[in-house]
Amino acid sequence: MQNLYQFNAGELLSLYRENKITQSDLVSSVKKRINEVDKKTKAFVKVIEEPKKPKTKGKLSGIPIAIKDNICIKGLETTCCSKILKGFIAPYDATVIEKIEQEGAIVIGKTNMDEFAFGSSTENSCFGPTHNPWDLDRVCGGSSGGSAAAVAADETILALGSDTGGSIRQPASFCGVLGLKPTYGRVSRYGLVAFASSLDQIGPFAKNTFDLALLLSVISGYDERDSTSVNKQVPDYTKELRKDVKGLKIGIPKEYFRDSQLDEQAIQPEVKKAIQKAKDVFESLGAQCLEISLPHTKYAVSVYYIVATAEASSNLARFDGVQYGHRAVLKSREGQNIVDMYMRSRQEGFGPEAKRRIILGTFVLSSGYYDAYYLRALKVRTLIKEDFLKAFQMCDFLIAPTSPTTAFRIGEKINDPLRMYLSDIYTISANLAGIPALSLPCGFDEQGLPIGLQILGKPFDEEMILRAAFTFEQETSWHKKRPNL
Amino acid sequence: MFTKKDLEKLATLARIELSPDELNKYSKELASILEYIEKLKELDVTLTEPTTHVMHLANVFRKDEIKPSIDIEEVLKHAPQRKGTFFKVPKIID
């Protein structure tokens, strides 16, 4: 007999409708699982002892959900896995929390992440790394690594993360689950601790496409408290799921497969093979694949590390030891100068990657370098966005690898920031262009590590990428595989 | 091109105190990151417009209405130091 924690949200909602299970059955099953395996994965930074019972019924009634630790939940500690925010209790709920609770979801805990979402491995957390459920010596990806690992290890049914340069899709790929970054403006970021405001989006993690569509339907929509959110009607994404890609045109970006051009980070042969097999699956179902070009791909990582660090250096200026968070205690002989207090508080509170990015961001915005770096990056960002718009004139969606490799070893890249940045090479462009993209399992490498297929769509065409994922999933069964823990 | 002195200046601008070890480490790392991002200079972007908001939203305003806000005690609960209903900080003017 299967344990309840092994089911997906769609199945559990049916079991509820048939009165076969109760909410406390499900919550205790999930909590039992967390007790058994979280000491191995360390996906959670906080497990709620008595999860709040939902006050209202809705689309997610009684479904447990885990939340990345940069999303505010009233009355709970929100740390962004940074020492500077330890002990900070959020005084309000993020919009996405209000929305899921209104639909009856049960928040069960907060998940681990790279400090302030700075990273691709969840190693930059003040709580220590999360371990990949498929191989505990390997990283779970990042920055939303705890959310991805929690879903993969069946420690939750659903999870929320945030994606600034691949922080939902890359860990989904490394952990063998599904993750989606919505179109910029689709989901309100009110209550998400800001990293890079022109790139950040909140998005869902799930065990299959139906669940992904369900959670996306709930969290999407305009919110006057996030001035970047777009006032556009939200479809019920679960209604658009059908197994049909016949006659659709699929673009394959040639730059994502050329090992020579991306010589800094060559694609792992097994990843390449799995994506080619995925292409065959779509073709066998009547879709037409065509090679397209995204000529400015090789500039994406550079643009990203200018734009994202510039915005981060500005957003993180608020952590200064004045209103909340860590304040350093200066020794009396050092004087009591306010600038010294700022500098010491930030020295003590921020981890190495946060310092690195704040300083890089300060540099690209500083007088004399602004035009050469920041403004130039914003212009190249336009070229990257135009590459996608041109490609979408010829095709309905794109397929690509999510990451050039499968999960790497803990410690392997942590001392080489540039190499770590390059592991985001296929995911960053979607954030720069603002388009929706998801990752779903499409195979395993020889070591038994999951490989992710990335599907990228036109702005606000989440329906199309979900339909493509749903079709692929019906034809294969990669998403059903679970690690042995 | 990226000296320790440059880094010290930047760290002050960014209001982060760095230890001698950190200065050493970051100046090397930042130099290699900057070398990598130099490749943007290959492109001619004189006629290209910069992208800020990808959906071209600009100047989003709301009505200036009074709404309830978070209680002052709730806000000050996290203050490292407070005095009455104020945040207390070290002396700014001598």
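Let's start with confidence: chain B has an average pLDDT of 90, and 98% of the residues come in at 70 or higher. This is a predicted model, after all, and for the complex the predictor reports a pTM of 0.96 along with an ipTM of 0.94.

Now walk along chain B itself. You'll find three helices and two strands in it, and going from the N terminus the order is α-α-α-β-β. The extents of the C-alpha trace tell you how chain B is laid out, at about 55 × 45 × 25 Å along the principal axes. As for burial, 14% of the 94 residues in chain B count as buried, where buried takes 20 or more other C-beta atoms within 10 Å of a residue's own.

Hop over to chain A and look at helix H4, residues 145–152. How many of its eight residues are buried? Eight of the eight are, so H4 of chain A is largely enclosed by the rest of the structure. If you want to click through them, the buried residues of H4(A) start with A:Gly145, A:Gly146 and A:Ser147, carry on through A:Ala148, A:Ala149 and A:Ala150, and finish with A:Val151 and A:Ala152.

Terms used:
Residues are numbered from 1 along each chain as its sequence is written. Chains are lettered from A and ligands numbered from 1 in the order in which they are written. This is a predicted model: local features need pLDDT of at least 70, side-chain atom pairs count only at pLDDT 80 or more; totals for chains, interfaces and linings use all residues. Helices (H or I, at least four residues) and strands (E, at least two) are DSSP runs, numbered from the N terminus. A residue is buried if 20 or more other C-beta atoms lie within 10 Å of its own, exposed if 12 or fewer, and partly exposed in between; C-beta atoms are placed from the backbone. pLDDT is the predictor's confidence in each residue, from 0 to 100.
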